[in-house]
Amino acid sequence: MMASNSEAEIKEFDEVLKSTDLLVDESVQIYELESEKGNVIDELYNSLKVITEFLGFSVELSPKIFNEDESTKITLTPSLEIVIKKSNGKVEEKRLDEFSTKKIAEILKNSILPIIELCKNEKIVQNKNITFLKSITTKLGKIEKINSDKDVEGKTGNSLTAKSSNILKQNLENSSTTESNLSNEVA
(Lines give C-alpha, C1' and ligand atoms only; values in the text may rest on other atoms or scores of the structure.)
Protein backbone atom coordinates (compact mmCIF):
# COMPACT_ATOMS: atom_id res chain seq x y z
CA MET A 1 0.00 0.00 0.00
CA MET A 2 2.84 2.34 0.83
CA ALA A 3 4.42 1.81 -2.55
CA SER A 4 1.31 2.92 -4.40
CA ASN A 5 1.07 6.00 -2.14
CA SER A 6 4.66 6.82 -2.94
CA GLU A 7 4.11 6.32 -6.65
CA ALA A 8 1.07 8.62 -6.54
CA GLU A 9 3.10 11.30 -4.79
CA ILE A 10 5.91 11.01 -7.36
CA LYS A 11 3.35 11.30 -10.17
CA GLU A 12 1.90 14.41 -8.54
CA PHE A 13 5.38 15.92 -8.19
CA ASP A 14 6.11 15.17 -11.84
CA GLU A 15 2.87 16.85 -12.86
CA VAL A 16 3.69 19.86 -10.70
CA LEU A 17 7.18 20.03 -12.29
CA LYS A 18 5.66 19.82 -15.79
CA SER A 19 3.14 22.49 -14.88
CA THR A 20 5.97 24.64 -13.50
CA ASP A 21 7.88 24.25 -16.78
CA LEU A 22 4.74 25.28 -18.68
CA LEU A 23 4.29 28.26 -16.34
CA VAL A 24 7.88 29.33 -16.93
CA ASP A 25 7.49 29.00 -20.72
CA GLU A 26 4.26 30.99 -20.73
CA SER A 27 5.77 33.65 -18.46
CA VAL A 28 8.83 34.02 -20.69
CA GLN A 29 6.62 34.44 -23.74
CA ILE A 30 4.55 37.11 -21.99
CA TYR A 31 7.75 38.87 -20.91
CA GLU A 32 9.01 38.82 -24.52
CA LEU A 33 5.68 40.17 -25.78
CA GLU A 34 5.76 42.97 -23.18
CA SER A 35 9.27 43.86 -24.29
CA GLU A 36 8.21 43.85 -27.96
CA LYS A 37 5.16 45.96 -27.07
CA GLY A 38 7.44 48.53 -25.43
CA ASN A 39 9.64 48.69 -28.53
CA VAL A 40 6.64 49.04 -30.84
CA ILE A 41 5.15 51.82 -28.71
CA ASP A 42 8.51 53.64 -28.67
CA GLU A 43 8.78 53.38 -32.47
CA LEU A 44 5.18 54.50 -32.94
CA TYR A 45 5.62 57.43 -30.54
CA ASN A 46 8.87 58.65 -32.11
CA SER A 47 7.65 58.31 -35.71
CA LEU A 48 4.31 59.95 -35.04
CA LYS A 49 5.96 62.76 -33.06
CA VAL A 50 8.13 63.69 -36.05
CA ILE A 51 4.98 64.11 -38.15
CA THR A 52 2.84 65.88 -35.56
CA GLU A 53 5.58 68.32 -34.55
CA PHE A 54 6.21 69.18 -38.20
CA LEU A 55 2.51 69.75 -38.83
CA GLY A 56 1.95 71.59 -35.55
CA PHE A 57 -1.70 70.55 -35.24
CA SER A 58 -3.55 69.94 -31.98
CA VAL A 59 -6.60 67.69 -31.96
CA GLU A 60 -9.50 67.72 -29.53
CA LEU A 61 -10.41 64.28 -28.24
CA SER A 62 -13.69 63.04 -26.86
CA PRO A 63 -13.83 62.96 -23.05
CA LYS A 64 -15.52 59.54 -23.36
CA ILE A 65 -12.15 58.03 -24.33
CA PHE A 66 -10.88 58.86 -20.84
CA ASN A 67 -14.16 58.31 -18.98
CA GLU A 68 -14.39 62.03 -18.22
CA ASP A 69 -17.52 64.19 -18.12
CA GLU A 70 -18.54 66.19 -21.19
CA SER A 71 -17.27 69.50 -19.73
CA THR A 72 -13.69 68.18 -19.74
CA LYS A 73 -11.55 69.41 -22.61
CA ILE A 74 -8.95 66.91 -23.84
CA THR A 75 -6.29 67.84 -26.40
CA LEU A 76 -3.63 65.83 -28.20
CA THR A 77 -0.78 68.31 -28.78
CA PRO A 78 1.85 68.23 -31.55
CA SER A 79 4.39 66.96 -28.98
CA LEU A 80 2.02 64.01 -28.32
CA GLU A 81 1.03 65.21 -24.88
CA ILE A 82 -2.52 64.56 -23.77
CA VAL A 83 -3.75 67.64 -21.91
CA ILE A 84 -6.85 67.09 -19.81
CA LYS A 85 -8.54 70.30 -18.57
CA LYS A 86 -11.30 69.50 -16.11
CA SER A 87 -14.24 71.77 -15.38
CA ASN A 88 -12.88 72.47 -11.88
CA GLY A 89 -9.76 74.04 -13.45
CA LYS A 90 -7.47 71.10 -12.76
CA VAL A 91 -5.09 70.28 -15.62
CA GLU A 92 -3.36 66.94 -16.18
CA GLU A 93 -0.71 66.18 -18.79
CA LYS A 94 0.48 62.77 -19.85
CA ARG A 95 2.56 61.58 -22.79
CA LEU A 96 0.81 59.37 -25.33
CA ASP A 97 3.26 56.54 -24.74
CA GLU A 98 2.41 56.47 -21.01
CA PHE A 99 -1.05 55.04 -21.70
CA SER A 100 -1.97 51.38 -22.12
CA THR A 101 -1.84 49.92 -25.62
CA LYS A 102 -5.63 49.74 -25.66
CA LYS A 103 -5.91 53.44 -24.74
CA ILE A 104 -3.23 54.43 -27.29
CA ALA A 105 -5.15 52.57 -30.00
CA GLU A 106 -8.35 54.37 -29.01
CA ILE A 107 -6.60 57.77 -28.98
CA LEU A 108 -5.12 57.15 -32.42
CA LYS A 109 -8.44 55.91 -33.75
CA ASN A 110 -9.99 59.22 -32.72
CA SER A 111 -7.13 61.52 -33.77
CA ILE A 112 -5.68 60.29 -37.08
CA LEU A 113 -8.68 61.24 -39.25
CA PRO A 114 -8.98 64.75 -37.75
CA ILE A 115 -5.24 65.28 -38.34
CA ILE A 116 -5.67 64.18 -41.97
CA GLU A 117 -8.53 66.69 -42.37
CA LEU A 118 -6.35 69.44 -40.90
CA CYS A 119 -3.61 68.47 -43.39
CA LYS A 120 -6.02 68.64 -46.31
CA ASN A 121 -7.21 72.09 -45.24
CA GLU A 122 -3.63 73.29 -44.74
CA LYS A 123 -2.71 72.01 -48.20
CA ILE A 124 -5.58 74.00 -49.75
CA VAL A 125 -4.49 77.16 -47.92
CA GLN A 126 -0.84 76.66 -48.93
CA ASN A 127 -1.80 76.09 -52.59
CA LYS A 128 -3.93 79.24 -52.62
CA ASN A 129 -1.13 81.28 -51.05
CA ILE A 130 1.48 79.98 -53.50
CA THR A 131 -0.82 80.63 -56.48
CA PHE A 132 -1.46 84.15 -55.23
CA LEU A 133 2.25 84.84 -54.71
CA LYS A 134 3.09 83.45 -58.16
CA SER A 135 0.56 85.72 -59.84
CA ILE A 136 1.85 88.77 -57.93
CA THR A 137 5.43 87.84 -58.86
CA THR A 138 4.45 87.54 -62.53
CA LYS A 139 2.78 90.95 -62.46
CA LEU A 140 5.74 92.53 -60.70
CA GLY A 141 8.06 90.87 -63.20
CA LYS A 142 6.26 92.67 -66.02
CA ILE A 143 6.84 96.02 -64.30
CA GLU A 144 10.48 95.14 -63.74
CA LYS A 145 10.84 94.28 -67.44
CA ILE A 146 9.28 97.60 -68.47
CA ASN A 147 11.64 99.48 -66.19
CA SER A 148 14.70 97.60 -67.44
CA ASP A 149 13.63 98.32 -71.06
CA LYS A 150 13.42 102.03 -70.24
CA ASP A 151 16.82 101.98 -68.53
CA VAL A 152 18.45 100.33 -71.55
CA GLU A 153 16.72 102.78 -73.94
CA GLY A 154 17.83 105.79 -71.95
CA LYS A 155 21.47 104.71 -71.72
CA THR A 156 22.06 103.55 -75.29
CA GLY A 157 19.50 105.22 -77.48
CA ASN A 158 19.18 101.98 -79.44
CA SER A 159 17.02 99.87 -77.20
CA LEU A 160 16.72 96.68 -79.24
CA THR A 161 20.39 96.30 -80.03
CA ALA A 162 21.58 97.21 -76.54
CA LYS A 163 18.95 95.08 -74.86
CA SER A 164 19.67 92.07 -77.06
CA SER A 165 23.38 92.49 -76.51
CA ASN A 166 22.99 92.73 -72.72
CA ILE A 167 20.64 89.73 -72.54
CA LEU A 168 22.98 87.64 -74.70
CA LYS A 169 25.97 88.65 -72.55
CA GLN A 170 24.08 87.78 -69.33
CA ASN A 171 22.94 84.42 -70.71
CA LEU A 172 26.49 83.54 -71.72
CA GLU A 173 27.86 84.53 -68.31
CA ASN A 174 25.12 82.58 -66.53
CA SER A 175 25.66 79.57 -68.78
CA SER A 176 29.40 79.46 -68.16
CA THR A 177 28.90 79.97 -64.41
CA THR A 178 26.32 77.17 -64.29
CA GLU A 179 28.56 74.82 -66.28
CA SER A 180 31.48 75.64 -64.00
CA ASN A 181 29.36 74.99 -60.90
CA LEU A 182 28.08 71.71 -62.31
CA SER A 183 31.56 70.48 -63.17
CA ASN A 184 32.75 71.43 -59.66
CA GLU A 185 29.82 69.51 -58.12
CA VAL A 186 30.50 66.45 -60.27
CA ALA A 187 34.20 66.51 -59.39
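## The four-stranded sheet

Let's start with the sheet: four strands line up in the order E1-E2-E3-E4, the pairing is antiparallel, and the sheet is open. Strands E1 (59–61) and E4 (91–95) stand at the edges with a single partner strand each, so one side of each has no neighbour in the sheet. From one strand to the next, the twist averages 25°; angles like this run from 0 to 180 degrees between N-to-C directions, with axes being lines fitted to C-alpha atoms (for helices, over the stretch in contact). Strands count as paired if DSSP finds at least two bridges between them. In general, strands of a sheet pair through backbone hydrogen bonds, either parallel or antiparallel.

This is a predicted model, where local features need pLDDT of at least 70 and side-chain atom pairs count only at pLDDT 80 or more, while totals for chains, interfaces and linings use all residues. Residues are numbered from 1 along each chain as its sequence is written, and side-chain values use heavy atoms, leaving out hydrogens and water.

E1 and E2 run antiparallel and are joined by three bridges, and Leu61 sits opposite Ile74 in E2. On to the next pair: four bridges join E2 to strand E3 (residues 81–85), again antiparallel. Here Ile74 stands opposite Ile84 in E3. E2 and E3 make a hairpin with four residues between them, and Leu80 in the turn has a positive phi of about 60°.

## A look at Thr75

Is Thr75 buried or exposed? Thr75 counts as buried, because its relative accessibility is 12% (buried means under 20% relative accessible area, exposed over 50%, partly exposed in between, using a 1.4 Å probe and protein chains only). Thr75 belongs to strand E2 (residues 73–76).

Its side chain makes a polar contact of 3.1 Å with the side chain of Glu60. A polar contact is a pair of N or O atoms within 3.5 Å; within protein, one must be able to donate a hydrogen and the other to accept it, and residues adjacent in sequence count only if both atoms are side-chain atoms. Setting aside neighbours within four places in sequence, the contacts of Thr75 include Ser58, Val59, Ile82 and Val83 (contact means heavy atoms within 4.5 Å).

## Salt bridges

The whole structure has six salt bridges, each being a side-chain nitrogen of Lys or Arg within 4 Å of a carboxyl oxygen of Asp or Glu. Side chains of opposite charge can pair when their charged atoms come close. Take Glu53 and Lys49, whose salt bridge is 4.0 Å, N to O. They are four residues apart in helix H1 (residues 2–55), so about one helical turn separates them.

Lys86 and Glu68 form another salt bridge, with the closest N and O atoms 3.5 Å apart. This one links distant parts of the chain: Lys86 is in the loop between E3 and E4, and Glu68 is in the loop between E1 and E2, 18 residues apart. Glu68, Lys86 and Glu92 are linked in a network of salt bridges. Arg95 and Asp97 also meet in a salt bridge, at 2.5 Å, N to O; Arg95 is partly exposed at 32% relative accessibility, whereas Asp97 is buried at 17%.

## The whole protein

Zooming out, the protein has three helices and four strands, following the pattern α-β-β-β-β-α-α along the sequence. Helices (H or I, at least four residues) and strands (E, at least two) are DSSP runs, numbered from the N terminus. Of the 187 residues, 17% are buried.
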